[in-house]
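Here are my notes on this model, written as numbered points. Have the structure open while you read.

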Amino acid sequence: MLKHGLKNYFKSLKYFFTPLGTMFLGMMIGFSILFPGIVAAISQLSDGIVELSSNVNLDFNLLWKKIWEAVRSLDWNQPMQSLQTLLSAEWLNEMLTQILNTILGTDFETFKAQITLLVAVFTEQIAASVVMFFVFWILGFWAGLAIVKYFIRRTIAKRSVWKIVLAYFINSFVSTCCIVLIFFAFALWREGIFISLTLMFLFGGALSLLQAYLLHGYKIIKFKDIVNFKNIGLHMLSSLIIFLISIAFTLIAMLINNLMGLFVGLALIVIALIVIDLNAESYVLGVARNNPVIQIKQEEAA
């Protein structure tokens, strides 16, 4: 079980670039919305300030210089954190308000309401553009997840249509039972939820093997040959090792570059989650194929 699970993981790494590609595609679509949105927000802010400039003594060169200084003052040794701050509506609002207050002095107090409104509209437009960027990034991530799962399932744990339907009902039933048990334990004893969650983690391997047995091994393999303490322990151990390997690869990539580490980590996590989800089915299918009855049927069919 352990060797089988790790073999599936390393074999599935050939699909590593698929989630990367879909994530980058999602990012490119997101950037195509983000950049025009930022440009439009800046243009609207500038036009609004220009309308006030007949009554306000505003040095535009000094304004953009101050904005550039504020952007440069961020800690770009931590690019992801700085980018998050830069795209924060709260930070943009506070930064622009302070700069305009410094430059305009008494004029700022005179036109405070109009300037505050312009800044608020600007930050709302930036925030909306940023949200759309992340929406398409997430859609790219989930698209990669779906595509890779299709390829990996086709390779290591192919299902027929009726088994897909059966798996849906099994998952729904098991998930419902788990939720009911957790809430029941919580209602009886608040601390019981931690025990329930711990037990659910421990029974995760057993539930995966049980589902795999019902889908691929029923009336072919003995139940005890699949769902037993040895296989449950090995399933959990293989899942843990797969996660640790993925984390190790991610940390190595982050030592080279934080941004690269983020994308490498996301792609590896996608593959790890899919393989862990399918390992039990793959194992049962392998045992079923080695069953003498199945081999005889295959020989007769040939």
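1. Let me start with the core. The largest nonpolar core has 52 residues, and Tyr9, Met95 and Ile152 touch the most other members. By nonpolar core I mean a set of buried Ala, Val, Leu, Ile, Met, Phe, Trp, Tyr and Cys residues joined through side-chain atoms within 4.5 Å. Buried is under 20% relative accessible area, exposed is over 50%, and partly exposed is in between (1.4 Å probe, protein chains only). The elements giving two or more residues to this core are helix H1 (2-12), helix H2 (17-53), helix H3 (60-72), helix H5 (89-104), helix H7 (112-156), helix H11 (229-256) and helix H12 (258-289). There is also a second, separate core of 13 residues, with Ala206, Leu209, Val227 and Val284 among them.

2. A word on where this comes from. This is a predicted model: local features need pLDDT of at least 70 and side-chain atom pairs count only at pLDDT 80 or more, while totals for chains, interfaces and linings use all residues. Residues are numbered from 1 along each chain as its sequence is written, and side-chain values use heavy atoms, with hydrogens and water left out.

3. Now the overall make-up. The chain comes to 13 helices and zero strands, so from the N terminus on the elements simply run α-α-α-α-α-α-α-α-α-α-α-α-α, where helices (H or I, at least four residues) and strands (E, at least two) are DSSP runs, numbered from the N terminus. Of the 302 residues, 38% count as buried. Among the contacts with a separation of 6 or more, residues 24 or more positions apart account for 77%; contact here means heavy atoms within 4.5 Å.

4. Ile152 is worth a click. Ile152 is in helix H7 and is buried, with a relative accessible area of 0%. Leaving aside neighbours within four places in sequence, Ile152 is in contact with Ser12, Tyr15, Ala157, Ile271, Ile274, Val275 and Leu278. Take Val275 from that list: Ile152 and Val275 are 123 residues apart in sequence, yet 7.6 Å apart in space, C-alpha to C-alpha.

5. Next, Ile67 in helix H3. What makes Ile67 count as buried? Its relative accessibility is 15%, and the cut-off for buried is under 20%. Beyond neighbours within four places in sequence, Ile67 is in contact with Met95, Leu96 and Ile99. Ile67 and Leu92 are 25 residues apart in sequence and 9.6 Å apart in space, C-alpha to C-alpha.

6. Phe17 sits in helix H2 and is exposed, because its relative accessible area is 63%. Phe17 and Leu268 are 251 residues apart in sequence, but 9.8 Å apart in space, C-alpha to C-alpha.

7. On to helix pairs, with H11 and H12. Their axes come within 8 Å and cross at roughly 165°, which makes H11 roughly antiparallel to H12. Axes are lines fitted to C-alpha atoms, for helices over the stretch in contact, and angles run from 0 to 180 degrees between N-to-C directions. Angles under 35 degrees count as roughly parallel, over 145 as roughly antiparallel, 65 to 115 as roughly perpendicular and the rest as oblique. The crossing of H11 and H12 is right-handed, a label used if the near helix is turned clockwise from the far one by less than a right angle (left-handed if anticlockwise). The residues of the contact of H11 with H12 divide into 15 nonpolar, 10 polar and no charged. Here Ala, Val, Leu, Ile, Met, Phe, Trp, Tyr, Cys and Pro count as nonpolar, Asp, Glu, Lys and Arg as charged, and the others, Gly among them, as polar.

8. H1 also packs on H12, at an angle of about 140° with the axes 9 Å apart, and that makes H1 oblique to H12. H1 passes H12 in a right-handed crossing. His4, Gly5, Asn8, Tyr9 and Ser12 in H1 meet Leu268, Ile271, Ala272, Val275, Asn279, Ser282 and Tyr283 in H12. This contact divides into six nonpolar, six polar and no charged residues.

9. Last, H1 with H11. The axes come within 8 Å and cross at roughly 35°, and the crossing is right-handed. From H1, Leu2, Gly5, Leu6, Tyr9 and Phe10 meet Leu234, Leu237, Ser238, Ile241, Ile242, Ile245, Ser246 and Phe249 in H11.
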